[in-house]
Amino acid sequence: MPAMVRGPKTKGFSDFVDSIFVPWAKGNKLSWRHDECRYERLKQFFRRRPLREINPMMVRRLKNELLAEKTRRVDVAGERTQRKGSTVNRYLQLLSKIFELAFEEGYVDANPVRRVPLESEGEGRERYLTYSEEERLLPVLQGRLAHLRGPVIVAADTGMRKFTELLRLQIEHCNFGDSPVFFNINGKDVEVLPDHLLVIKSKNKRTRTIPLGTGVVSLPY
């Protein structure tokens, strides 16, 4: 009896994202929540089109649509702003990751995103609250918003990422004492100096310590 020959796996894009990629991302990406709205935009574009039918030309069409779209943000003139190339790159990088997993699972033979160049992002920039911005922000955090005052001060003084670091912080990981404190993380002792806090798993899944600003140290605990 001849052996049965199995054809290549087939699956629609939206179905693959919902049933395979999202569960994988929840278990492997600390920042998976950042991608939730991007999933929906990608599914809106590709819908149920079979993964194997998606080619570089379609990816370039998606890229051009994203670049042409306006964001929900408005400028000083009250006009909605143009989506930045760096943001479009995040969509393409997410799409590429989806196809990498699809390749590993046998649903595609190649990643079409690899043949589409990313947008130039320039030198980038770091953004901090200015003193005047902080002075205007903190008085607002009273009454019904008083519970946000502590998290906002910690976020502003430490620069911690919201989902992967700030919302995972525990009070016992903050060293307000005068001597170093050691934590055993994955079999290794990690030293947390006085007026420092411990981030057990950051965005790159590494342990790190962050100095506490005076605003954090003076908070009531």
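This is a predicted model: local features need pLDDT of at least 70, side-chain atom pairs count only at pLDDT 80 or more; totals for chains, interfaces and linings use all residues.
Tutor: Welcome! Let us start with a term: contact means heavy atoms within 4.5 Å. Leaving aside neighbours within four places in sequence, Arg38 is in contact with Arg90, Tyr91 and Leu94.

Student: Where is the place of Arg38?

Tutor: Arg38 belongs to helix α2, which covers residues 36-46.

Student: Before we go on, how confident is the predictor in the protein chain, as a mean pLDDT?

Tutor: The mean pLDDT is 83, and 83% of the residues reach 70 or more. Confidence is highest in helix α3 (residues 56-68), with a mean of 96, and lowest in helix α7 (residues 214-217), with a mean of 66.

Student: How many helices and strands are there in the protein chain?

Tutor: The chain has seven helices and seven strands. Along the sequence they follow the pattern α-α-α-β-β-α-α-α-β-β-β-β-β-α. Of the 221 residues, 33% are buried. For contacts between residues at least 6 apart in sequence, 52% join residues at least 24 apart.

Student: Back to α2, then. At what angle do α2 and α4 pack?

Tutor: The general idea is to compare the two axes: an angle of 65 to 115 degrees counts as roughly perpendicular. For α2 and α4 the angle is about 75°, with the axes 10 Å apart, so these two helices are roughly perpendicular to each other. On the α2 side the contact is made by Arg38, Tyr39, Arg41, Leu42 and Phe46, and on the α4 side by Arg90, Tyr91, Leu94, Leu95 and Ile98. By class, that contact has seven nonpolar, three charged and no polar residues.

Student: And at what angle do the axes of helix α1 and helix α4 cross?

Tutor: The axes of α1 (residues 13-28) and α4 (residues 85-104) cross at roughly 85° and come within 11 Å. That makes α1 roughly perpendicular to α4. From α1, the contact uses Phe13, Phe16, Val17, Ile20, Phe21 and Trp24; from α4 it uses Leu94, Leu95, Lys97, Ile98, Phe99, Leu101 and Ala102. In this contact there are twelve nonpolar residues, one charged and no polar.

Student: How should I read the spacing of residues along a helix?

Tutor: An α-helix has 3.6 residues a turn, so residues three or four places apart point the same way. Now look at α1, where the buried residues are Phe13, Ser14, Phe16, Val17, Phe21, Val22 and Ala25. The buried residues of α1 pack against α2 and α4.

Student: Where does α1 bend?

Tutor: The bend is at Phe21, by about 40°, and a proline, Pro23, follows within four residues.

Student: Last topic: the backbone. What is the phi of Arg47?

Tutor: Arg47 has a positive phi of about 50°, although this residue is not a glycine. Arg47 sits in the loop between α2 and α3 and is exposed, with a relative accessible area of 54%.

Student: And what is the phi of Asp195?

Tutor: Asp195 is not a glycine either, and its phi is positive at about 60°. Asp195 lies in the loop between β5 (188-192) and β6 (196-199). At 33% relative accessibility, Asp195 counts as partly exposed.

Methods:
Residues are numbered from 1 along each chain as its sequence is written. Side-chain values use heavy atoms; hydrogens and water are left out. Axes are lines fitted to C-alpha atoms, for helices over the stretch in contact, and angles run from 0 to 180 degrees between N-to-C directions. Angles under 35 degrees count as roughly parallel, over 145 as roughly antiparallel, 65 to 115 as roughly perpendicular and the rest as oblique. Ala, Val, Leu, Ile, Met, Phe, Trp, Tyr, Cys and Pro count as nonpolar, Asp, Glu, Lys and Arg as charged, and the others, Gly among them, as polar. pLDDT is the predictor's confidence in each residue, from 0 to 100. The bend at a residue is the angle between axes fitted to the seven residues ending there and the seven starting there. Buried means under 20% relative accessible area, exposed over 50%, partly exposed in between (1.4 Å probe, protein chains only).
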